Amino acid sequence: MLCDNCKERDAIINLTQVEHDSKVTLHLCEECAQQKGVETGGAVLKSPLGNFLGAVVKGGGTAGALVPASGDALRCPACGSTLRDFRDSGRLGCDRCYVSFDTHLRDLLRRLHGSSQHVGERYDLPGEGGNGEGADDPRSQLLELKAQLRRAVEGENFELAAELRDRIRVLE
Amino acid sequence: MDLSLLPDGGMRWLDASGPKSTIVLSTRIRLARNVRGIPFSQRAKDADRIAVLARVSDAAVSSEHLGSAVAFHLDQMDRPERQVLHERHLVSKELAGLERESRPRPGAALLVQDQVGVMVNEEDHLRLHGMWSGFDLEDAYAEVEAVDAELGRLVPFAFHQEFGYLTSCPTNAGTGLRASVLIHLPGLVLTKEINKVLQGLSQVGLTFRGLYGEGSEVVGNFFQLSNQTTLGKTEDELIDHLGKIVRQVVEYEEQARDVLLRTAPEEVEDKTWRAYGLLKHARRLSFEETMNLLSGVRLGVGLKLLPGPGVYTLNKLLIYTQPAHLAAMDGRSTGDRELPTVRAAFVRRLLEAESS
């Protein structure tokens, strides 16, 4: 079958669109499909962030440039750097900056990584008897439970997920 | 500095003993960590840097994994020596102070034991890294993670319950993990399929770079593939995902090589023998030409069109024909006009030694 668009190349993609309650199916070749913004890398998993991050890197910009200028005057009391410094350099001044600018950074981290919640290895500061910084407080318990819930859902372990959800409700 | 202190020059990965090592040269794991309460590199004063190095050195001495590490203080080394470390992928250009006329800053150091190194006072206070032969993400991660776990018990790392490990640039926050493979894809380049594959990578949250990592150009059909995001997924998830995609890319490369063999067997055979012939007989070789010829020979060896040389020899040539290595070997400067002649002689010598 020839491509409905260029009528030159073989159609390899069927694009079904719903417009005004009627279904239209277009048969497209790879090039025309790409022009219409259809991803053709069929077999591979997709992440909505890939292209966006690629564009950031190719544009030569830093992650800092993604933060809106409205918070420029915010200053980290620990190291003295401002959010403006971060916007210019793409580098934070110290570990406390993550707390000083947490609203802006949470938003940025979500845009960069698709999430701001660390679910990887937990870390306990040395000499705190195996319990990390405030690991017992309800907030961090909640975060840990949410991370576990996410893993349970991804692993399709719904029984565990239901139990975790109940525990989260109690804490919230 | 005495590089002979490093067994295998810190490059055991060259031995081509790992899985799929004709296509995947090496697997690299990097973890970014910072010391709690000390300003990040952007803001750190010299005293802060020196304090970071002191803490890391003290911890290393009393640790199992870095107890007999060799330490390189980059700010006390000459430029050619620093360049040698960079050419071995042991330090970044930034840490080695090789960008334009810059110098390494006080406290810039590298600790190496076995296959794991720690860059101190890079963009982050600590950059733990390990390079493994072939395609071996799990082993490489397990080893670097063990060093991280031990150091983390001795030095307080900056960690946040929500954001994870805190890094100077938020693109590394969370796990601080960058896993990458150095992969040779001449089949996909010759069949012009490479752009499709590289575009596909960005859609699955991966990125590619040249031979020397960030900002470097692709030479000799060598690509570094790595994860783009570091937060919101566990270390295992990030590694599994990269592994899955790399396996797919290796498969595409193998298919592309099959296509080449089926559709243009004589051309491919001719190309690989010509590359081998030039390497064996040329009298002057630029670094870039050498990389491209090595790529042709590597393809020929992978397709069993050439009887040799071994992959180990090809890997050694990749490292030792770089400017700082040749210059050091021959007592010259890296800008010496005779370097191409020295390079050609060195390549001939190594290839002759192997075939005799």
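Biologist: Hi! Where in chain A is confidence lowest, and where is it highest?

Modeller: Confidence in chain A is lowest in H2(A), at a mean of 44, and highest in helix H4 (residues 97–100) of chain A, at 95. That score is pLDDT, the predictor's confidence in each residue, from 0 to 100. Helices (H or I, at least four residues) and strands (E, at least two) are DSSP runs, numbered from the N terminus. This is a predicted model, where local features need pLDDT of at least 70 and side-chain atom pairs count only at pLDDT 80 or more, while totals for chains, interfaces and linings use all residues. Residues are numbered from 1 along each chain as its sequence is written, and chains are lettered from A and ligands numbered from 1 in the order in which they are written.

Biologist: What does chain A average?

Modeller: Chain A has an average pLDDT of 74, and 69% of the residues score at least 70. The pLDDT is below 50 over residues 39–60 of chain A, a stretch with 31 contacts in the model beyond near neighbours in sequence. A contact here is two residues whose C-beta atoms, placed from the backbone, lie within 7 Å. Residues 129–135 of chain A are also below 50, with ten such contacts.

Biologist: Now helix H1 of chain B. Which of its residues are buried?

Modeller: Asp48(B), Arg49(B), Val52(B), Leu53(B), Val56(B), Ala59(B) and Ala60(B) are buried. Buried means 20 or more other C-beta atoms within 10 Å of a residue's own, exposed means 12 or fewer, and partly exposed is in between, with C-beta atoms placed from the backbone.

Biologist: And what covers them?

Modeller: The cover includes strand S3 (109–113), strand S4 (116–120), strand S5 (126–133) and helix H3 (137–154) of chain B. The face of H1(B) turned away from the buried side carries the exposed residues Asp46(B), Ala47(B), Ala54(B) and Asp58(B).

Biologist: Last one: Val155(B), buried or exposed?

Modeller: Val155(B) counts as buried because it has 21 C-beta neighbours inside 10 Å. Val155(B) is in the loop between H3 and strand S6 (159–160) of chain B.

Biologist: Which residues does Val155(B) touch?

Modeller: Leaving out residues up to four places away in sequence, Val155(B) touches Val35(B), Arg55(B), Val56(B) and Ala59(B).
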